[in-house]
Amino acid sequence: MRLVERGRELTALGEVLHEAAQGRGSIAVVSGGIGCGRTELLDAVRRKAADAQYVVLGATGSWAERHAAGGVLGQLLRYAQLPALHAETVSAALARALGSGTAREGAPDALEQWPPDPATAAALHRLSTELVRIARRVPVLVCVDDVQFADLLSLHWILQLVRVLRAFRIALVLAECTLSKSAHPHLHAELLRQPNYRRITLDPLSVDGVATVLAERVGEERARLLAAESHRISGGSPLLVRALVQDQPQALALPGGRTAEPVVADAYADTVLSCLHRARPPALALAQTLAVLDEPDTGTALPARLLDEEPATVEHCLAALSAAGLVAGVRLRHPVARAAVLHSLSATARRALHGRAAEALSQEGASALRIAPHLLAAEGDCPSWARPVLREAAERYLAVDRAVEAHACLSAALAGCQDDGERVALRAQLAATAWLLNPSLSARHLGELADALREGRLPDRHALTLAKHLLWHGRFEEAVEAIERMGRPGERAEPDPAAAAEVRAAREVLSATYPPLVESAALAGPRAADGDPRILGATALTRVLAHGADSAAVGDAEAALRALRLGKSTQESLLCAVAALLFAERLEAAAGWCDHWLAEARTRGVPLWEAEFASLRAGIRLRQGDPVTARAQAEKALALVPAESWGVCLGGPLAALVQAATETGDVKAAEEYLAVPVLDGMYSTRFGLCFLHARGRQYLATGRPYAALDDFMWCAELMRRWGIDQPALVPWRTEAARAHLALGDGDRALALAREQLAMVGSERTRTHGLTLRVLAAAESGTERIALLGAAARILRGAGDDLQSAGALADLGREYLSAARPARARPVLELAAQLAERCGARPLAATLAADLDRLEPAGGRPPTATAAAPAGALAALSGAERRVAALAAGGHTNREISEKLCITVSTVEQHLTRVFRKLGVRARREIPSHIALEAAE
C-alpha cells in the first residue's frame, strides 16, 4: 500500500540500514498510535533491506502471546532465510533457549525479576554470537513490530543484541504502539544508552495527506472537498482514513453546492473496534466509558471513578486514544464510533455502566439534565433518589419543548414509585406531557386520575387539565364533575391569583369549544373580562359567537395575539383568538396570525400544537376560496395527530377535508372522509357544527337535499340552544335555503335568506355576499342581476374567489336568461378563470359548457384578457374606468351614456383613451374582471 507523508521517516530508516551496512550497527524505535502506519513503514524497510541483500528477521508481538516464553524470538529465527552454514547452529541454540524458558512457570511481568537461568542465558548468548557471525558475511535487519507485547525471554535476547551490535553489520528496528503498554522501561533505558539509537515518532496525516489517500478512491476534486471533515473524523490516523476510503462510493457526483460530507459507515465502525481491541483492556474500557458518558467537558475524574482506575492511568489511556485518532478531548470523534463501541457492550454491561454514571453524577451534584439520560438508559428499578431528578429533568425538558424526553423521564419515575400520593401527581404530569405528543397516549391515565379526583387525592392544579382531557375524549359527565369539584367552596386553600386567572381563562376556552357546558354549574359565575391576555383571547371568541363581530372583540383578540407567547398555558387561548378573528370575518388578519403561530408550533416541535393550528388554517383557507390548500393543511393536521387521537375535536380537520373535497369535485374522497368514525360527543362541540355544515353541503352537491336539510336544521337546533346562532360561524339558513330550493320550496328558501340578510346587516362581509347570492336564487324577476352583481363584488372584496366565481356564474346565466349574451360572456369568462384558479373542477366544467353554448358558428371570438398591467389600469381616470366597466359588461354606447348621464360622443372619447391606455383594439379585449364594476 502506498505510504503517504512518511518520506522523512522512511529516509531515517534508510540511514539506519546504511550505517549497519558500513559496519556501524544501528537501532531505531518507531513509535505511534494504533493505525499510524507503523506496520506499513516496517514492511517498506524490510523490502528495502531485502533488495540490498540483507538477511531479514521479522516478528510481531501480540497481547495474547505476551506470556508465551520465546514467542517473538521464535518468529525471528525459526522462519528466517539464514545462510545454510549457520542455520543448524541457530536452530539448536533456539531449541535449547525455548526449552529452558518455557519450563519456568509463574514468570513475573518485570524484566529484572525474571533473570534467565544459566542454561537459558547460555543459549541466548549462543544465538547472539551466531547472528554476529552471520553479520560478518552479510548485513542483518532485525524487525520487531508491537514490541510492547514481546515476552520476557525474547526481550532478554533483544537486550543482549543491543549491547553487541554496535560494531557489526546489524540493524535493529523496533516498533511500539502508544495505545498499549510500553515495552519494559529496562529495555528503553538500555536503548537510550546507545549512541547508535534513534527514535522515530509517526505523526498523524495532515489534511493534504488525507486528501491524497482519499483521491485513490473518489478522485482529486472530491477528495479536496472531503479532506477537512475526514481529517476531523479520523484525527489523521492513516488506518481510519483508509476505512473512510472504503466507505465512500466510488462514482459519486459532486453536489450542486460544491460541498460534501464523507460517508461514515461499517468500515469505519469496524476499524474503530479493531483498534480498541488491539489495545490494552484499560484503553478499551475507557473508550466504552466515554461512549456512555458522551459529554464534551467530562474531564478524567469521572471516567477514573467509573473505571476504578488511577487518574494517571486514565490520562495515559486518553492520550493514547487521542494519538490513535479515536477521541477528541474526552469524546469519541464521531457518532458512528460511539454507536459501534456501545454496541460492542452487552446490554447488561451497558445498563450497569449507565447506572453507575447516573449515581456518580448525582453524587457530584450534576444537573438533572445530565443525570436523567443515564437513568433512562439504565432501564432498571428507579432508586428513590432518582425520582426527584427525573421530575426536575422532565420540567426542564418541557421548558424547551422536548416533550418526548420529558415523557420518558416521567414514565421512568412513575414505574419506580410506590408512594400513592406521589404516584397520582406523577401520573397527572405524565398525562399532561403525553397529551402534547398524542392525546391518545393520555387516555390510559384518565380513569385512575378521575378516581383520584373523586377521592380527593388529586391536587387542584391538575384537576383543570384532567377536565380538558376528559372533554377531548368525550367524557363530558366526568369532566363536569372534575370542574365542579375543584370549584367547591371550603375545599380549597387560599386562592392563588395566578391559578384563578388560569381557571377563568380555561373556563372561557371550554365555553367556546364545548357550548353545552355553559348550561352547567361547572361554568357558572361571573364572566367579566380580565387584563390577562389568555382571558382576552378566549372571551373574544365567546363574545363573537354569542353576539357577532364587534370592534371591541376583534381588538381584544388582536391584543391577546400580540401579548401572548406560545406555550402550554397559552396555546388554547391563541387558537381562540385566531378563531375570533375568523368568525368576525377578519380573514386576512386571521390568516396572518394563524400562519405565524403555525410556524412557531412547527419550530417548537409539539405535534398537537402544529396539528391544531394547521386544522384552523384549513378552515381559513376554505373561507378564502382555496380548497386545494385547505385540504393539504387538513391532511397535514391528521398526519401529525391521527384521526383516532383527535377525540371530539376531529370535526375541525374532518369538516375541512369534506368541504374541500366537495368543492374540488372529489366525491369519492368526500365519502371516505365522511366514513371516518367520530365520537358522539363531537356534536356537543362547535367543531361538530362545522362537520354538520360540511356534510350537508356534500349531500346537497350529490343530489341528497333531504339529508342535507336534516344536517342544516340540526345545526340550527344546536346553535339556538347554545346561544351562538351567528351566520359567520355556520350559515345554516342560506344552506337550508339551497336545500329548500332543490326541493321546490321557494317561499321557505326566500324567508330563510331574508332572515339571514337581516342578521348580517349592511357590512360588506363574506357572509353578506353569500346571503345575497342565495337571496338572488330565491328571488324572482329583475332583482336577481343586481343582487348577484353585488354578491360577486362583495365576495371578491372579501377575498373569496371561489364563492365570487359562483356568484359570477349565476350572474352570467341570468344574462343568458335575459337574452343578453354580450353581457354574459365576460362575466362567465371571469368566473371560469376564478374557478380554474381555485381548483373547483365541477364549477369550471359547468362554466365551460355555458361558454361553449355562447360560441358562434364562426368560432369563439377572441376572449378578453384576464388582466392588464397594473400601471395601465391605474392610468385610467374614474370616468374612463366606469365607461370601460360598462363596455366590458356588454352595454352599448347609448346605454352607457344613459346610465352615466353623459353624451354618446363623450362615451366614444373615453373609450378611445381606454383602448390606447390598455393597449386593446375592441371592447371585447377589455380585461374581463372590470365587468364586475358594471355588474354592481
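Predicted model: local features only at pLDDT ≥ 70, side-chain atom pairs only at ≥ 80, totals over all residues.
Tutor: Residues are numbered from 1 along each chain as its sequence is written, and side-chain values use heavy atoms, leaving out hydrogens and water.

Student: Okay, why is S31 called buried?

Tutor: Buried means under 20% relative accessible area, exposed means over 50%, and partly exposed is in between (1.4 Å probe, protein chains only). S31 has 4% relative accessibility, so it counts as buried. S31 lies in strand 1, residues 26–32; strands (E, at least two residues) and helices (H or I, at least four) are DSSP runs numbered from the N terminus.

Student: What makes the pair S31 and R199 a polar contact?

Tutor: A polar contact is a pair of N or O atoms within 3.5 Å; within protein, one must be able to donate a hydrogen and the other to accept it, and residues adjacent in sequence count only if both atoms are side-chain atoms. The side chains of S31 and R199 are joined at 3.3 Å. R199 is also among the residues in contact with S31 (heavy atoms within 4.5 Å), leaving aside neighbours within four places in sequence; others include R38, E176 and L202.

Student: How do you know that the buried residues of helix 18 line one face?

Tutor: In helix 18, the buried ones are A386, R387, V389, L390, A393, A394, Y397 and L398. Seen down the helix axis, they fall within an arc of 165° (taken from the directions from the axis to the C-beta atoms), so they line one face. These residues pack against helix 17, helix 19 and helix 20.

Student: What makes the span of helix 18 close to the expected one?

Tutor: The expected span is 1.5 Å times one less than the number of residues. Helix 18 has 14 residues, and it reaches 20 Å from its first C-alpha to its last, close to the 20 Å expected.

Student: What is in the largest nonpolar core?

Tutor: A nonpolar core is a set of buried Ala, Val, Leu, Ile, Met, Phe, Trp, Tyr and Cys residues joined through side-chain atoms within 4.5 Å. The largest has 181 residues, and Y514, V578, F613, W646 and L689 have the most contacts inside it. Helix 27 (residues 571–583) gives the largest share, 10 residues. Apart from this core lies another, of 44 residues, with A80 and V138 among them.

Student: Why are A819 and C901 called exposed?

Tutor: A819 comes in at 62% relative accessibility, so it counts as exposed. C901 has 69%, so the label is exposed there too. A819 sits in the loop between helix 39 and helix 40, and C901 in the loop between helix 44 and helix 45. Phi is near 60° for A819 and near 60° for C901. Most residues other than glycine have a negative phi.

Student: And A122, what is its label?

Tutor: Its relative accessibility is 46%, so A122 counts as partly exposed. A122 belongs to helix 5, residues 118–137.
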